4 protein chains.
Amino acid sequence: MIHSTSSIRVRYAETDQMGFLHHGHYAAYFEEARVHWLAQLGMPYRELESQGYFLPVLELQIRFLHPNRFDDLLSVQCRLETLPRVKIELFYEVCRDGLLTTTAKSVHAFMGTDGKAMRPPPAFLDGLSALLHPKTPQRT
Amino acid sequence: MIHSTSSIRVRYAETDQMGFLHHGHYAAYFEEARVHWLAQLGMPYRELESQGYFLPVLELQIRFLHPNRFDDLLSVQCRLETLPRVKIELFYEVCRDGLLTTTAKSVHAFMGTDGKAMRPPPAFLDGLSALLHPKTPQRT
Amino acid sequence: MIHSTSSIRVRYAETDQMGFLHHGHYAAYFEEARVHWLAQLGMPYRELESQGYFLPVLELQIRFLHPNRFDDLLSVQCRLETLPRVKIELFYEVCRDGLLTTTAKSVHAFMGTDGKAMRPPPAFLDGLSALLHPKTPQRT
Amino acid sequence: MIHSTSSIRVRYAETDQMGFLHHGHYAAYFEEARVHWLAQLGMPYRELESQGYFLPVLELQIRFLHPNRFDDLLSVQCRLETLPRVKIELFYEVCRDGLLTTTAKSVHAFMGTDGKAMRPPPAFLDGLSALLHPKTPQRT
């Protein structure tokens, strides 16, 4: 799976007095979608951290097209487009009843427990590579 | 100082669609007041943690008397009433322009890096004891 | 249904540097459970607000028995024990793999758009009354 | 004043288990800086809303250069570079002890109570224009 989709319902605590899902909460939604995506890839973030890998956010860009509101059921898609080398770029789309309300992109690097950037775990790269470039079945 | 007072201005992100400071954010306000109180006591929480002490919350009780709103400037008092043994009880009052809007109580225990309860650092107890029971100046 | 159970997975954004689900986020979890409970009762909170009723929190008491952590899947039960008159008392239990980690109680009042306390909607009381005191089937 | 600077101390509740200020909280910091900037301009956001103007976020771009941690005292600068027409672009810099840790840009539109985009209040534009293009003192 190069992409995964999470269902997230807007909490009352996440609204603001404008009556909208406050824009600051989308980062946590994207993170939840990212964690879900990693789990579907077979590399739960919890395990990555227990192996000494962290995935801090280096960049976050969000475009708010339409507001969302309390109790809305949102589908949040997380998508990888290119095989990461050192940095990982992920793309997000938030939809409500088929309407695209929000798009975003995040950039990450793998970081070790010493706070320094490091290469992604080999199993991570191999897994992604197989997904992005599935082998053509060979003729015999 | 057995008590300290912090000034906290309500952020827009902390409002909800009822138009109030959402009740879930008071815990962070009390925590900010607690951190301020510890710093004034000469035992910054940052240092306590670096020495291997944590202060997890065991109980939290809040009474919401009047709502607060965006941009309100609140004074949050944190107060110790009795010398702690194993558990520490702290009391809070949130005022806005002299009006008492919220009261609370939190109970904590000192915890070590192994997650187990431990006695408070001796310097902490000695410092508090001196504050709660200042020595009467002796005549000669 | 006098009680309902919500499944909530702990977000990374909700952890703190102690490595725990930060205690301040439980209020939003209880609120999510409360909203779920109301929906199951046939009185979605979204509709109550659109009819001019709000349910502000007057009191919140939480006991933290065991910490929860990132990615834990929690079951949060919301339960009514007595038929409300003006105030509504709700009780909560947070379990992880059958372990009771947190208990809480919240007290609410119905409030109108003018910010004043008001009686609960009659349909709300009738619905709850029927649930709490189901009629004994009559003999013929 | 085309720019303003806010002092914000990182709360414990805002840290995550990586030991950093969680990236999702920066949006609220920028918002606090924006509110402060508007107040210094003589147009408190609270008053704008009471006059029926809202300033929803259309875009948010953040670059995280260095992490921040619990109890760090940050200076958050909010800056206007060009006179807005319909959209307003604001730039942010977060510094800690002179080190630039985070940069950001937000784009906003004025919105009316009907949820539709509208022109900024004339007093807002006139005020900004005077600041951006101060009149050259006339010779006599």
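## How the copies relate

## About the model

This is a predicted model, where local features need pLDDT of at least 70, side-chain atom pairs count only at pLDDT 80 or more, and totals for chains, interfaces and linings use all residues. Residues are numbered from 1 along each chain as its sequence is written, chains are lettered from A and ligands numbered from 1 in the order written, and side-chain values use heavy atoms, without hydrogens and water.

Let's follow the open sheet of 10 strands, ordered β1(A)-β3(A)-β4(A)-β5(A)-β2(A)-β2(D)-β5(D)-β4(D)-β3(D)-β1(D) with antiparallel pairing. Strands are DSSP runs of E with at least two residues, and two of them pair if DSSP finds at least two bridges between them. At the edges stand β1 (3–9) of chain A and β1 (3–9) of chain D, each with a single partner strand, so one side of each has no neighbour in the sheet.

In chain D, 10 bridges link the antiparallel strands β4 (residues 87–96) and β5 (residues 99–109). Here R96(D) sits opposite L99(D) of β5(D).

## Helices on the sheet

Helix α1 (residues 26–40) of chain A packs on the sheet and touches β1, β2, β3, β4 and β5 of chain A, where contact means heavy atoms within 4.5 Å. Helices are DSSP runs of H or I with at least four residues, numbered, like strands, from the N terminus. The direction of α1 makes about 135° with that of β1(A); axes are lines fitted to C-alpha atoms, for helices over the stretch in contact, and angles run from 0 to 180 degrees between N-to-C directions.

In chain D, helix α1 (residues 26–40) lies across β1, β2, β3, β4 and β5, running at about 135° to β1(D).
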